[in-house]
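Please look over the sequence and the three-dimensional picture below before reading on. The report that comes after them is meant to be read with both in view.

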Amino acid sequence: MIEVRKVTKVFASVNKKASSTIAVDDASITVHDGEFVSIVGASGCGKTTLLHMIAGFERPTAGEILLNGTRIEGPGRERSVVFQQPTLYPWLTVRKNVALGLMLKSRRDVDWELVDEFVDKVGLKNFLKHHPHQLSGGMQQRVSIARALITSPDILLMDEPFGALDAQTRSEMQAFLLDLWQSLHSTVLFVTHDVEEAILLSDRVVVMSPRPGRVIRDIAISLPRPRQWDVLLSDEFLAYKREILSLIRMPKRAEGA
Ligand SMILES: Nc1ncnc2c1ncn2[C@@H]1O[C@H](COP(=O)(O)OP(=O)(O)O)[C@@H](O)[C@H]1O
Ligand SMILES: [Mg+2]
């Protein structure tokens with residue numbers, strides 16, 4: 001379980017004359033084991049900063065983040081991060097890029113059968129020997145996801161992982177992630193500015209206000225699972241979408257409500 005408790009992050013300005021930036025303001029979020037939770041909000045509202053603090057890349061200025069009751073002081077093996085751009089090594093094959101996830105853990109005995117199993121899991125069985133430049137953007141992101149998952153993390157932290165993809169690929173990747181998550185039962189914290197994507201994937205959607213990023217609403221999404229694309233057309237889906245868009249677009253009114 002992840003507990004973000006009254007976390008604030010202030011970035012000091014490099015230039016003394018400029019004021020410092022409050023990236024996250026007094027945010028509290030709890031994510032339970034096995035949950036799929038999305039954080040949505042306008043660009044610049046502090047989503048990435050919040051995710052990086054949970055990943056252990058950044059420290060909160062105030063407040064604390066607990067993982068199963070212990071304060072997060074840095075990165076750890078139980079958490080894996082998938083970034084917006086697939087961070088692959090161009091000179092390594094798909095197989096070796098995925099194996100890197102394991103090599104970082106122990107250099108010697110890479111379990112190549114396990115590597116092949118994960119490459120297969122993300123649908124790239126026929127691309128084991130290919131290099132990243134020979135793959136589409138969606139396929140590259142699948143490699144990143146396989147690499148993040150191969151160490152069996154309890155928690156997958158994803159920062160707009162499909163943000164750079166075209167609409168069609170993006171929707172395929174959403175379906176792919178839903179399937180994968182259902183078979184793995186891991187906890188996912190997913191950052192996106194795409195409201196539809198957040199509703200489609202999540203058990204809960206946490207809505208942040210524009211900068212300084214505050215948590216303004218935590219909405220349980222009670223659409224039945226497994227979810228198919230046609231859920232996007234249902235009245236319930238549209239009601240969630242309307243609610244969240246109005247919060248993001250009119251934060252002042254929403255906060256006062
Ligand atoms: N390392 C940093 N140093 C200074 N300012 C930063 C840093 N990282 C983010 N910020 C600022 O914090 C705010 C929130 O950024 P970010 O978390 O990237 O937002 P989002 O991911 O929601 O688009 C922005 O104003 C951004 O410029
Ligand atoms: Mg971001």
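The sections below go through the domains, the ligand shell, the sheet and some individual residues.

## What kind of model this is

This is a predicted model, in which local features need pLDDT of at least 70 and side-chain atom pairs count only at pLDDT 80 or more, whereas totals for chains, interfaces and linings use all residues. Residues are numbered from 1 along each chain as its sequence is written, while chains are lettered from A and ligands numbered from 1 in the order in which they are written.

Where the domains meet, 13 residues of domain 1 and 10 residues of domain 2 take part in the contact, and two residues are in contact if their C-beta atoms, placed from the backbone, lie within 7 Å.

On the side of domain 1 that touches domain 2, the elements giving two or more residues are β7 (155–159) and α5 (167–184), and the largest share, 3 residues, comes from α5. The names of such elements refer to DSSP runs, numbered from the N terminus, with helices being H or I runs of at least four residues and strands being E runs of at least two. The residues on this side of domain 1 divide into 7 nonpolar, 2 polar and 4 charged. In this grouping Ala, Val, Leu, Ile, Met, Phe, Trp, Tyr, Cys and Pro count as nonpolar, Asp, Glu, Lys and Arg as charged, and the others, Gly among them, as polar.

## The shell around ligand 1

Which residues are around ligand 1? They are Phe 11, Thr 21, Ala 23, Gly 41, Ser 43, Gly 44, Cys 45, Gly 46, Lys 47, Thr 48, Thr 49 and Arg 211, where a residue is near a molecule if its C-beta atom, placed from the backbone, lies within 6 Å of it. Both β2 (21–31) and α1 (47–55) supply at least two residues of this shell, and the largest share, 3 residues, comes from α1. By the grouping given above, the shell divides into 3 nonpolar, 7 polar and 2 charged residues.

## The six-stranded sheet

An open sheet is formed by 6 strands in the order β6-β7-β8-β3-β9-β10, with mixed pairing; two strands pair if DSSP finds at least two bridges between them. The edge strands, each pairing on one side only, are β6 (79–82) and β10 (215–220). From one strand to the next, the twist averages 15°, with axes being lines fitted to C-alpha atoms, for helices over the stretch in contact, and angles running from 0 to 180 degrees between N-to-C directions.

Strands β6 and β7 run parallel and are joined by 4 bridges, and Arg 79 has Ile 155 in β7 as its bridge partner. Helix α4 (residues 137–149) lies across β6 and β7, running at about 170° to β6. Helix α7 (residues 235–249) also packs on the sheet, where it touches β3 (36–40), β9 (204–208) and β10, and its direction makes about 175° with that of β10.

Strands β9 and β10 pair in the antiparallel sense over 5 bridges, and they form a hairpin with 6 residues between them. In this pair, the bridge partner of Val 205 is Ile 219 in β10.

Most residues other than glycine have a negative phi, and most peptide bonds are trans. A cis peptide bond joins Arg 211 and Pro 212, with omega about 0°, and Pro 212 is placed in the loop between β9 and β10. Arg 211 is also one of the residues around ligand 1. Another cis peptide bond, with omega about -5°, joins Arg 225 and Pro 226, and Pro 226 is found in the loop between β10 and α7.

Asn 68 has a positive phi, near 45°, and lies in the loop between β4 (62–67) and β5 (70–71). Glu 160 likewise has a positive phi, of about 45°, and its place is in the loop between β7 and α5. Are these two residues buried or exposed? Asn 68 counts as exposed because it has 10 C-beta neighbours inside 10 Å, whereas Glu 160 is buried, with 20 other C-beta atoms within 10 Å. A residue is buried if 20 or more other C-beta atoms lie within 10 Å of its own, exposed if 12 or fewer, and partly exposed in between, with C-beta atoms placed from the backbone.
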